[in-house]
Amino acid sequence: MTLHIDIPDENLAGILVKAFKNRSFLAGFVITALVAAVAILSFFWTPYDVTNLVISDKTQAPSLAHWFGTDHFGRDILSMIMVGARNSIAVALVAVGIGMGVGVPLGAFAAARGGFADDVLMRLNDLVFAFPALLSAIMITAIFGPGAFNAIIAIGIFNIPVFARVARAGALAIWPREFILAARAAGKSRTLISIEHVLPNIATLLLVQGTIQFALGILAEAGLSYVGLGTQPPMPSWGRMLFDAQTRMVVAPWMAIFPGMAIVVTVLGLNLLGDGIADILDPKSRRQR
Amino acid sequence: MTAYLLKRLAIAVVTLVLASMVVFAVLEIIPGDPARLMLGLNASADQIELLRNQMGLNAPVVLRYLHWAGGLLSLDFGRSYTYSVPVIDLVRERLVVSLPLALMALALSTIIAIPVGLFSASRHGRAGDTIAMGAAQLGVAVPNFWFALMLIYLFAVWLRLVPGGGFPGWSAGVLPALKSLLLPAVALALPQAAILARVTRSALIEVLNEDYIRTARAKGLPYRLVLWRHALRNAMIPVVTILGLQFAFLLAGTIIIENVFYLPGLGRLVFQAINQRDLIVVESVVMLLVAAVIVVNFIVDLSYAVVDPRLRGR
Amino acid sequence: MSLLEIEKLSLTIGSTRILRDIELSVAPGEVMGLVGESGSGKSMTALTVMQLLPWAAHTSGHITFDGIDILAASEDQMCALRGDDIGMVFQEPMTALNPVKTIGEQVAEGIRWHTRASRADAEERARKMLDRVGLPAAQFPLSRYPHELSGGQRQRVVIAIACALKPKLLIADEPTTALDVVLQAQILDLLRDLVAENRMGLLLISHDLAVVTEMADRIIILRHGEVMEAGDTARTLSEQLHPYTRQLAQASMHVPARARTHDSGSAKPLLQVENVTRDYPGRRTSLLKRAAPIRAVDDVSFSMAPGQSVALVGRSGCGKSTLARMVLALDGPTSGAIRFRGDTLTGKSEAELKPARRDMQVVFQDPYGSFDPRQKVERLVAEPLHVLEKKPVPAARREMVAHALHEVGLSPGDMDKYPHEFSGGQRQRLSIARAIITRPKLVVADEPVSALDVSIRAQILDLFAELNQKLGIAYLFITHDLTVARAITDEVMVMHDGKIVERGRTSEVLDHPQSAAAKALVAAAPDLHRAIAKRLQEQG
């Protein structure tokens, strides 16, 4: 299979105009910005203090005082969701950073070198791919103990081959282009060509993959925290909140509903954003113009 | 064809060997003595020494690896420390829950996703497509374990149609067993189906823009036939790729979902083992799941050759 | 009574007007030529007749085929017509066939659908049809897959699909544009025979005036979606009454004015290629075994003098592009040596190659693919300055770029634009500006005008000629198009199966070819002069 990369040929202003006409992008952008804003706000203000246990207020249904209700320790669910957003975003962001930081150079290098180096890197990729994020998290936590840091490492490691593959496939589609030959005829080295010509041309591809992996990272962190391998209490996290809710579904369903919705909305926003970016930069829509 | 298959087989075997080394090495790099770690702080020196011998920790590292890997080949995973039974017996007992669950989910996901993808692609840009893809977009964003909680609340707590958790065992009859696997399978399958439907649709749309689709239409075939006979098969290649990748996610998903539904599968086993620091069990289950992923990827490679004649020539 | 009658056809897609008031007719057994440059709407006319337009298309006017009102026909009616009464052949043979189905399945499919024949019967008819288009059973069983066939063979399969049910009308949209001249001549012969055998109407769409003149009884010249001129082929082209017709005809035959000064051997050679061979590893047949290596270039030797313009012509796959890449030191020979100004290029590191690279530049075929779309013209054109010993300061760099742009007829203000802001012809000028900025002694041009419309092509050829005169740059032109070779080069080398089989003065080789390969090329090359003369002669 070959990957077709069509390179958009518009300047930034044109792309921005198109971006804000694109419904997917607009919705995704607004949602993502909102979630980020809430996370930042939580550093300065939350409706209630999430470290304060008010047992007398435990498992209260949503009300004017507690919009999303309270949990079994009487903590305000809305406040916990706000603080949890920080945690989710931080874990996913760092994990994507690890994946991109290591994966993209590896993939670009493999495509530029070809041959043996490419084979070796791709086999290593297959190897890491054989360990789904949760499995590596299980191995890591079985040894080093559970915690947010180990969750980041596990998700990050899993992101490396994803970005390596995308970068390699993108770069392989760019390398046969005539403008690369022209650069080679100008005596430029493979490394220089990778930096000057290849990476800028696969940047959008990586950006789209980045938003997807960001969304997957948030899901993975929630999953790990849910089974107790991720963020540890008392730090609020969406996954952990769902774990606490599980045994109380009958008496306090809101404990499960709202954190879950927070995850859905965040992931939905990121996916819409990614779709939007891909749409805007996808030349097929332009070709039919 | 044989060259292609042999190459893919060789890659699968190499990956499997490397993966076993990684799993083994992880146990090796544990800070401190694994035997002490497993036994906890109160263990006596004798107990630790006994376990060290049992685990073969006193032999040189290469020998230990070969012994362990050799054991794997004959399905001898060692003995569980906490359960004092061969790990393979534990695994076998749990696999009869996890494997049917994963397969049910995979089947469900495929059965839902492919028709939705076809429907959406054939109505590209129209209302039906927009609605279906909006639903899929939402489905992708739903964490399966939360979805599972919502399903339990709806069908088990509210409507009381199915059990909210637990597993009666196959001895209680196939039907009750399947019934208790139904909700977990749905919870696993729907988010995956959403992803698969999106991939199917975009693969189809891409194929429908190809020149040979125009050739087929110029033959006078109606659009519906062109979609079935020409587009679908070509679109299968990316779809099968995603199916293979999804299997890995599905396995991981099974581990979590089993905890939601209190199903006595591999996932529960792993978490109990982690809590009891039964490293041999953890190691074995991880190795088993990794092997499953590698085998499935190999099957995906085989299916490429079935779908695409260009690979058969290689 | 016409078979196909198009009256006042207009087409808009979205808000863009594609066609306006097209009038066209095809009679049974007649070949109708539809000529136009890119964007003239000629393919859209064909797709309108087939009713295979995109969803957003809106048509008005009348199309009558065999008494049926096409624009009013239902999709079911159209399905009954397509492939049965109207066949269509497309431009790109490499992608026109489904890669996962055998050629037998693909030819038989239409037969089964329209005639409800059994599988065996349909396959028998498919077999006969494939035999007819020149794909005999021994070499091309029905079980072959498209990827096992070459471009020309695939186009034959596409023709077999289109003609399997002996349609009354065949629409061929640039059926030979992706093929080399020899294959082109074969496919055109096949189409001509099929027309004669079945009294089929043929609507032949092409950008190439010479091809259409050879084939068509009548022609229509299209520009910007409107008919410029229509009529009898011979008369239209010999009289050239319409200014656009004249412009097209002259551009097709354009020869730039250049003083012929350069002969080989007059000075110390600029480029020497000595016994160069390039092998590619054969296909893997099993894990350890490979097929014998493929010899792309086989023991080639030649030399070029400074300022000389040499064409390297040959059919596709003859090894000419591989040879060009080795001359540019982008690929290394398996054996043999390449010397540039006396220095060996083979086996040198990138750093050691820098002096040579300064004096050796390249122009590629695709004016769209040869620029990084993310960079501005200034950086793109300045890219070869990378090889200079001393990198110019930014101001000097801008100065050099401005000068180069001026030399190729672009304005210095263009350097702050992105490549997509230029047309195809302008981009090829940019490409040339990039090639001359280091003041090279040799420019290797790989099919530099074959992606351009004829009128643009004439201008670019003029530019090449002018720079050759003014700057004394030697050219190595890689081309399959003999008119280009004739227009711009002093000498021609004919390449066949990796070997250079003939070399000589351009006019000599093209007028009196000696080798079989050169003869085949010359005989197959469409030539407008010759075609018009032949038409006039036929009509007395």
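Into which domains is chain C divided? Chain C splits into domain 1 (89–169 + 179–196) and domain 2 (309–329 + 360–526), with bounds that come from an automatic or database domain assignment. Their C-alpha centres lie 37 Å apart. Five residues from domain 1 of chain C and seven residues from domain 2 of chain C take part in the contact, where two residues are in contact if their C-beta atoms, placed from the backbone, lie within 7 Å.

Please keep in mind that this is a predicted model, in which local features need pLDDT of at least 70, side-chain atom pairs count only at pLDDT 80 or more, and totals for chains, interfaces and linings use all residues. Residues are numbered from 1 along each chain as its sequence is written, while chains are lettered from A and ligands numbered from 1 in the order in which they are written.

Now to the chain as a whole. Chain C holds 19 helices and 20 strands; these are DSSP runs numbered from the N terminus, with helices (H or I) of at least four residues and strands (E) of at least two. Along its principal axes, the C-alpha trace of chain C spans about 75 × 55 × 50 Å.

How confident is the predictor? Its confidence in each residue is the pLDDT, from 0 to 100. Chain C averages a pLDDT of 89, and 97% of the residues score at least 70.

| Element of chain C | Confidence | Mean pLDDT |
|---|---|---|
| Helix H19 (residues 528–539) | lowest | 84 |
| Strand E7 (residues 169–173) | highest | 95 |

The model scores ipTM 0.84 and pTM 0.84.

Notes: pLDDT = per-residue confidence, 0-100.
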